[in-house]
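Subject: Structure handover

Dear colleague,

Here is the structure you will be working with. Please open it next to this email while you read the notes.

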Amino acid sequence: MNVLPAQNISFKDFKLIGFYTLGEWRPFLFLPFFLMFSLAITANSILIYLIKSQKSLHSPMYVLIGVMAVLDLIMPMFFVPNMLLSLLFNLSGISLTGCLIQMFGLHFIGTFQSTLLFWMALDRYFAICKPLYYHKCMEIPNFVKFVVVPVIRNGLLIVTMVTLAGRLSYCVTNVIDHSFCEHMALVQLACGDISINNIVGLLAAFLITTTDFILITISYVVIFSSVFRSGKAHLKAINTCITHIIIMTLTLISALIAFLSYRIRNNISSSNRIFISILYLLFPSCLHPLIYGWRTKEIRQTFLKFINNAKVFPIKK
């Protein structure tokens, strides 16, 4: 392993050594992360199948839930398999190109999830607060107005962040103290000035995730006000919205802690920082199918019907 820096050398291959401080206990992390990965893949695959196969679930709200399930299915695939191989077999090598591709995938899908939650909040806003205009507002030509600007914002910031990282020379070391290619985990290994990378990374965190969270919170505050004024007609919406806000708050806090831990002096250990990063990337993929799937009556009934129809039929002689 090359760890001695040389000013005329720029490493093109790296090693991801996340959780190395755990020593001989490190391989034991394979089982919980493998179970979480299996849950995310299985639950989201079932959710996608149910929404795709059931025509009654083709309304805007369920389509958005289906898109969320697709993102939750793709997100773990970008980093969990490599992490599991590293934990169990110590296979931790990755090229700079592979690292940048992984970085782009993780950050773009992560920001897309945040923006999708905002769209889902808009859907609930129109359904509860503007029911007479719901179908008109959620028609594709009208809804695209709420889609284009956030997607362009996300794409420009993430592409800029990854492109700037790809232009750096990495001569400090080729060992990344992480389980996947998080932006600052890689950038801090570069020689030279990385202040612009810091700024762009912070802009991505605050202009995308934080802004979406604020807009989502405002939407839910308006929804709550409308529900309280209307009595018990939409009381179950409050329970669902509160759950959404709790999950989003935990995700946002863990994401900001992970981003800021590289930029502010702190006593967070390497293993804890990596766990926090995994918390905001992997945990939502496991929890979203339960929150947006099982807790939604129509999807739950479709799933139970699917299970009943999947029973083994007697074999004809």
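This is a predicted model: local features need pLDDT of at least 70, side-chain atom pairs count only at pLDDT 80 or more; totals for chains, interfaces and linings use all residues.

Residues are numbered from 1 along each chain as its sequence is written, and side-chain values use heavy atoms, with hydrogens and water left out.

**Helix 5 and the annotated segments**

Helices (H or I, at least four residues) and strands (E, at least two) are DSSP runs, numbered from the N terminus. The UniProt entry, which is unreviewed, annotates "transmembrane region" at residues 28–50, 62–80, 100–122, 143–165, 199–225, 237–262 and 274–294. UniProt positions are in the numbering used here, feature names are shortened, and such annotations may be inferred rather than shown by experiment. In the model, residues 62–80 are 100% helix and 0% strand, with end C-alpha atoms 27 Å apart. Residues 143–165 are likewise 100% helix and 0% strand, and their end C-alpha atoms are 34 Å apart.

Helix 5 covers residues 140–166, and its 27 residues should span 39 Å at 1.5 Å a residue. The expected span is 1.5 Å times one less than the number of residues. The end C-alpha atoms of helix 5 are 37 Å apart, which agrees. Helix 5 does bend, by about 30 degrees at Phe146, and Pro150 follows within four residues. The bend is the angle between axes fitted to the seven residues ending at a position and the seven starting there.

Several residues of helix 5 are buried, including Phe143, Val147, Pro150, Asn154, Gly155 and Leu157. Here buried means under 20% relative accessible area, exposed over 50%, and partly exposed in between, with a 1.4 Å probe and protein chains only.

**The nonpolar core**

A nonpolar core is a set of buried Ala, Val, Leu, Ile, Met, Phe, Trp, Tyr and Cys residues joined through side-chain atoms within 4.5 Å. The largest one has 68 residues, and those with the most contacts inside it are Phe33, Ile65, Phe79, Trp119, Met120, Ile278 and Ile299. At least two residues of this core come from each of helix 1 (30–53), helix 2 (60–89), helix 3 (96–129), helix 4 (134–137), helix 5, helix 7 (195–230), helix 8 (235–260) and helix 9 (270–294). Helix 2 gives the largest share of this core, 14 residues. Another core, of 28 residues, lies apart from it, with Leu168, Tyr170, Ile176 and Ala185 among its members.

Which residues does Trp119 touch, not counting those up to four places away in sequence? They are Leu64, Phe112, Phe143, Phe146, Val147, Pro150 and Val151. Contact means heavy atoms within 4.5 Å.

**Single residues**

Phe78 lies in helix 2 and counts as partly exposed, at 28% relative accessibility. With residues up to four places away in sequence left out, Phe78 touches Ile101, Gln102, Gly105, Leu106 and Ile109. Phe78 and Met103 are 25 residues apart in sequence, and their C-alpha atoms are 8.9 Å apart.

Phe19, in the loop between strand 1 (13–16) and helix 1, has a positive phi of about 65 degrees although it is not a glycine. Asn90, in the loop between helix 2 and strand 2 (93–95), has a positive phi near 60 degrees. Phe19 is buried, at 4% relative accessibility, whereas Asn90 is exposed, at 55%.

**Disulfides and another cysteine**

The structure holds two disulfides, each defined as a pair of cysteine sulfur atoms within 2.5 Å. Cys99 and Cys181 form one, with their sulfur atoms 1.9 Å apart. This pair links distant parts of the chain, 82 residues apart: Cys99 is in helix 3, and Cys181 is in the loop between strand 3 (175–176) and helix 6 (183–187). The link is left-handed, with -115 degrees about the S-S bond, and both Cys99 and Cys181 are buried.

Cys171 and Cys191 form a disulfide with sulfur atoms 1.8 Å apart. Cys171 is buried, at 2% relative accessible area, and Cys191 is partly exposed, at 24%. Counting bonded cysteines along the chain, the pattern is 1-3, 2-4. Cys286 is buried, at 7% relative accessibility.

Regards
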